[in-house]
Amino acid sequence: MEVKINVNGRVITDSVDADMLLLDFLRKHGCYSVKCGCETTNCGLCTVFMDDIPVLSCSVLTVRANGHKIVTLEGLQDEAKEFIGFIADQGAEQCGFCNPGFIVNTIALLRENPNPTDDEIRAYLVGNLCRCSGYNGQLRGIRAFLDYRDSRKE
Amino acid sequence: MLTIKNYVRAQSLDEAYELNQKKTACIMGGMMWLRMTGRTIMTMIDLCDLGLNKIDETETEFSIGAMVTLRQLETHPGLNAYTNNCVKKAVQDIVGVQFRNGATVGGSIYGRFGFSDVVTVFQAMDTYVELHKGGIIPLAQFAKMKYDSDVLVRIIVKKQPLAISYQAMRIQRTDFPVLACAVSKVDGEYRAAIGARPGVAVVVKDTEGILTGGITPETAEKFAVAVAAAVKTDSNSRGSAQYRTHLAKVLTQRGTMEIGGQL
Ligand SMILES: Cc1cc2nc3c(=O)[nH]c(=O)nc-3n(C[C@H](O)[C@H](O)[C@H](O)COP(=O)(O)OP(=O)(O)OC[C@H]3O[C@@H](n4cnc5c(N)ncnc54)[C@H](O)[C@@H]3O)c2cc1C
Ligand code: FES
Ligand code: FES
């Protein structure tokens with residue numbers, strides 16, 4: 001089937017099988033940040049924006065995404081740059097495999113709720129699994145970023 | 001791996017229904033569940049062009065399209081004001097935000113999954129399911145029906161006077177519930193919906209009138225004992241039948257006290 005999908009601002013036209021997952025389509029077109037981390041729709045590693053809503057690209061058919069706008073971590077570099085350093089400063093991550101899904105969903109959180117409490121951060125990111133850390137480093141990193149951002153506003 | 005030969009965006013409910021009469025066809029909601037089944041599907045029918053992704057609220061009811069996501073339920077102000085945030089409470093621990101942006105009400109209700117928080121919370125209200133051919137039937141009836149090839153169009157919640165509480169016991173925050181419990185007073189009638197027994201949620205009504213004279217710690221306990229006795233539980237990897245029956249009693253008692261405070 002023919003599809004036309006806007007990926008990170010560029011319109012991609014392609015012919016795809018009915019069962020091609022959006023995740024595989026995005027990788028085929030060079031978005032290697034998007035990865036499959038589970039078989040159970042559970043890990044959050046494949047998170048991308050579809051029409052500005054964070055979704056699991058492992059569970060979206062490419063044909064359903066036809067005509068829609070997709071943004072992956074590759075298209076979010078500026079927004080990501082603002083806070084990834086703070087997470088790195090906490091030494092939060094070890095292998096880093098979970099990082100792309102985690103960053104995309106953190107961006108989604110901060111767009112929806114620019115001033116989250118710790119509980120709101122936990123609730124929003126609970127669907128992003130990390131098998132190395134205990135999540136506290138990431139939480140401290142986000143908190144440090146928010147504190148820094150607010151201190152600059154004053 | 002899910003194998004799909006053809007994909008059709010249905011342009012009408014009639015078209016979706018016709019296509020779905022073949023055994024090898026399948027309607028797609030959010031596909032979160034379907035993805036895991038590894039089935040081979042000749043025709044995948046997508047309802048995404050039919051405008052079923054909206055919640056309409058009127059003076060008398062909520063009409064919730066089959067393609068509304070769990071996240072839309074969670075964040076809908078009217079629905080959560082009406083249910084004392086119980087809809088939000090019921091869905092907020094289902095996997096994660098991105099998952100709930102995909103999973104649909106249609107797939108959740110049609111699936112009639114035993115573990116379903118969604119089926120449990122809506123059974124505690126005056127809820128109906130609209131099927132394309134089968135018409136509008138009470139959710140309690142739909143929950144007991146066999147799987148067939150009808151199309152679930154929307155669910156309808158009548159705005160009866162409502163007091164409601166929702167609790168689920170989970171081993172870990174985003175896991176399936178060990179037991180789900182919604183207690184309510186709907187249009188003057190007390191009931192408890194118990195899900196994840198682990199079978200699909202069932203409703204127990206206060207037919208004996210235990211709570212008619214008012215909710216006190218004593219009547220709440222008596223009602224909870226009656227509910228726990230009426231609900232059949234089983235064992236699985238998440239808990240034993242005995243533990244579930246115990247939970248049914250404790251959660252019903254707490255839920256009853258909670259709605260007592262709302263009355
Ligand atoms: C890992 C995981 C964890 C979960 N945890 C929980 C939990 O803790 N609590 C909970 O309540 N739920 C849980 N669920 C279930 C989830 O919330 C959804 O109910 C489920 O994914 C089905 O919704 P869907 O939109 O993905 O449907 P799909 O997977 O697309 O469809 C499910 C079934 O419904 C049929 N269908 C879909 N829409 C219609 C329609 N309009 N008319 C007729 N048939 C239709 C499909 O053909 C299919 O048979 C979990 C699911 C997964 C995968
Ligand atoms: S790959 Fe794990 S949720 Fe998509
Ligand atoms: S750092 Fe290894 S999975 Fe998160």
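Contact here means heavy atoms within 4.5 Å.

**View 1. The contact between chain B and chain A in a predicted model.** Chain A brings 31 residues to the contact, and chain B brings 27 residues. About 2,300 Å² is buried between the two chains, with 55% of that area on carbon and sulfur atoms. Y7(B), R35(B) and Q98(B) account for 32% of the area that chain B buries against chain A, more than any other three residues.

**View 2. Salt bridges and polar contacts between chain B and chain A.** Two salt bridges are counted between the chains. In a salt bridge, the side chain of R71(B) meets that of E112(A), at 2.5 Å from N to O. Residue pairs in polar contact between chain B and chain A number 14, with both residues at pLDDT 80 or more.

**View 3. The side of chain B that touches chain A.** Two or more residues each come from β1 (3–9), α2 (34–37), β3 (40–46) and α6 (97–100) of chain B. The largest share, six residues, belongs to β1(B). Sorted by class, this side of chain B holds 13 nonpolar, eight polar and six charged residues.

**View 4. T24(B) and its surroundings.** T24(B) lies in the loop that runs between α1 (13–20) and β2 (25–28) of chain B. Because its relative accessible area is 37%, T24(B) is classed as partly exposed. Apart from neighbours within four places in sequence, T24(B) is in contact with I41(B), M42(B) and T43(B). I64(B) is 40 residues from T24(B) along the chain, and the C-alpha atoms of these two residues are 28 Å apart.

Note on methods:
Residues numbered from 1 in each chain as written. Chains lettered and ligands numbered in written order. Predicted model: local features only at pLDDT ≥ 70, side-chain atom pairs only at ≥ 80, totals over all residues. Heavy atoms only, no water. Buried area = accessible area lost by both parts, 1.4 Å probe. Salt bridge = Lys/Arg side-chain N within 4 Å of Asp/Glu carboxyl O. Polar contact = N/O pair within 3.5 Å; in protein donor to acceptor, adjacent residues only side chain to side chain. Helix = DSSP H or I, 4+ residues; strand = E, 2+ residues; numbered from the N terminus. Nonpolar A, V, L, I, M, F, W, Y, C, P; charged D, E, K, R; others polar. Buried < 20%, exposed > 50% of the residue type's maximum accessible area, 1.4 Å probe, protein only.
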